[in-house]
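Dear colleague,

Please find the structure below. My findings follow it, together with the conventions used.

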Amino acid sequence: MDRYMGVPLSEVPAPAGSAAANYARHFVGELFLSTFKPLGLDPELYWMSELYRAGTMDSFIRTALDAATTVRAIYLRVSKVEKTADWLPISVICQTCGRIGTTHATDWDGETVAYACQPDMVAWATGCGASGRVAPFGGLAKLPFNVDWAAKWSHFGVTIEGCGKDLATAGGSRDRSDAIAREVFHREPPLNIPHEFINVGGKKMSTSRAQGAAAHEIAAVVPPEQIRLLLVRHRPQQAIEFNPDQTDAIPRLFDESDRLAAATAGRPVRGELPAHADRIFAASLPDAGMDPAAAAATFRPAFGHLALLVQIPGVNVAERAAAEKGSALTPAEVATLDGRIAAARAWLATYAPDAARIAVREDAASPNDDPAMRALLEDIANRLAAVAAPWTGDQVQEAIFNTATERAIPAGSVFAALYAAFLGRTSGPRAGWLLASLDPAFVIGRLREAAGSPTA
RNA sequence: GGGCCGUUAGCUCAGCGGCAGAGCAGGGGACUUUUAAUCCUCGUGUCGUGGGUUCGAAUCCCACACGGCCCUCCA
């Protein structure tokens, strides 16, 4: 580890087992790109290490070194950072040990600089102590971050580039780079659009601090379209509050996505829509080639509903979805459905609040308060005991309704009593199918507990 | 100590000089076989606080409070 501290990441070997050419490519390729790609972000990459090696940056290096006095003045004026009088805006790679973080360059003579690799320049790396002169071109040195940033604007002709608020602060990195662009490279810096962060539970999302959820964890649950919506629906300078843990934030994100789709497709929508709802929807589509109108018109099963259906044994979710739509699902709709089913399962396994999970009570039910209801539950138990296992959902549902009708008790209150006995709550999925999926002896026993009758 | 962004309904957020809004949550109601479904209905909230500008301020200006982030290096 120490051996590589201070060495350019492009020169550090990739971790064992990685196929990447070096450490930088390993992380950009394996982590960033694999997360971005499903989101429809397919950037064209430039590796600065290659541009430096190819000599592309040489003219900027020369300009910066010639203007070293100006650069030092900018650091002092803009950021109140005082560099020593011999400091040069160049980071030389030590010819002996390969480190870039430990070198101090001085004495630009128009072709070469002197440098020293210092053992105690920074706390996090130890220089080898070598010194010498080097022509800082062709990849033997790099520009410091702020100068490098400004140089890139000139080289790539950048006209607009946002950045996070951490860099956009007054006297911060962006201000320094802006000043360098103007005064050293004589070019107006690109239009800046500072943007906020994503907070989880009021705190900046941070994997290293184990705070809230990590991006790749959320991406494992929320499909690309909804993640894009999360990022796109707010003003950029508004921090995004997203706390999926034990909340309905994820189902709501789906609901908003579907609402925007409905509006785009011209279907009626409750309430007021945000300005440019159709544009927000189009921007949330991960595939740039996708026709927003066509995408909006497809059937989109409600996430909350799916999260319920996947928990009920014996339910054919695809059949239910087709029934709800009123016709067979298209291949694209099947793909949407499958994606949402997977998302619903992942959500239930991770972030979902307990209230969203159906769980049959382990403990015994207490007898119902109402004598008439107790008698009715006993009646249902007896009827079911006469039905040969395995029960079907229809059989159980029929037994419930027949009993309720005969005893002139509203079906609604019977169901409430059943849910209380089995789930410990007042509502739930279709009771007949729920009970049919459980062990018959258990069901009868539980019904008699709720009826207050001896179960032996 | 300096700076940037934010603060609007329980939650998430629009509105950004002209009657304070939406979704969700929540309350009430409808539906005699229940998808946690569906439908109808209900919104006074010190627009963070205090000043100022204005015929008129959530909106513009100034202070202050609170929250987040930054102000050494690296990127």
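Which helices and strands each supply at least two residues of the surface near RNA strand B? They are helix H6 (165-168), strand S10 (240-241), helix H10 (249-264), helix H13 (303-309), helix H17 (393-406) and helix H18 (411-422). Here a residue is near the strand if one of its heavy atoms lies within 4 Å of it, and helices (H or I, at least four residues) and strands (E, at least two) are DSSP runs numbered from the N terminus.

This is a predicted model, in which local features need pLDDT of at least 70 and side-chain atom pairs count only at pLDDT 80 or more, while totals for chains, interfaces and linings use all residues. Residues are numbered from 1 along each chain as its sequence is written, chains are lettered from A and ligands numbered from 1 in the order in which they are written, and side-chain values use heavy atoms, with hydrogens and water left out.

The RNA surface

H18 gives the largest share of the surface near RNA strand B, with five residues. By class, the surface has 17 nonpolar, twelve polar and 16 charged residues; Ala, Val, Leu, Ile, Met, Phe, Trp, Tyr, Cys and Pro count as nonpolar, Asp, Glu, Lys and Arg as charged, and the others, Gly among them, as polar. Sugar or phosphate accounts for 63% of the atoms of RNA strand B within 4 Å of the protein, and bases for the rest.

A polar side-chain atom of Lys-83 lies 3.4 Å from a phosphate oxygen of RNA strand B. The side chain of Lys-165 has an N or O atom 3.4 Å from a base nitrogen of RNA strand B. For Asp-248, a side-chain N or O atom is 3.4 Å from a sugar or linking oxygen of RNA strand B.

Aromatic pairs

Counting rings of Phe, Tyr and Trp (its six-membered ring) whose centres lie within 6.5 Å, there are eleven aromatic pairs. Phe-145 and Trp-149 form a stacked pair, 5.4 Å centre to centre with 20 degrees between the planes; stacked denotes planes under 30 degrees apart, against over 60 for edge-to-face and tilted for the rest. Because Phe-145 and Trp-149 are four residues apart in helix H5 (residues 145-156), about one helical turn separates them.

Yours sincerely

Key. A polar contact is a pair of N or O atoms within 3.5 Å; within protein, one must be able to donate a hydrogen and the other to accept it, and residues adjacent in sequence count only if both atoms are side-chain atoms.
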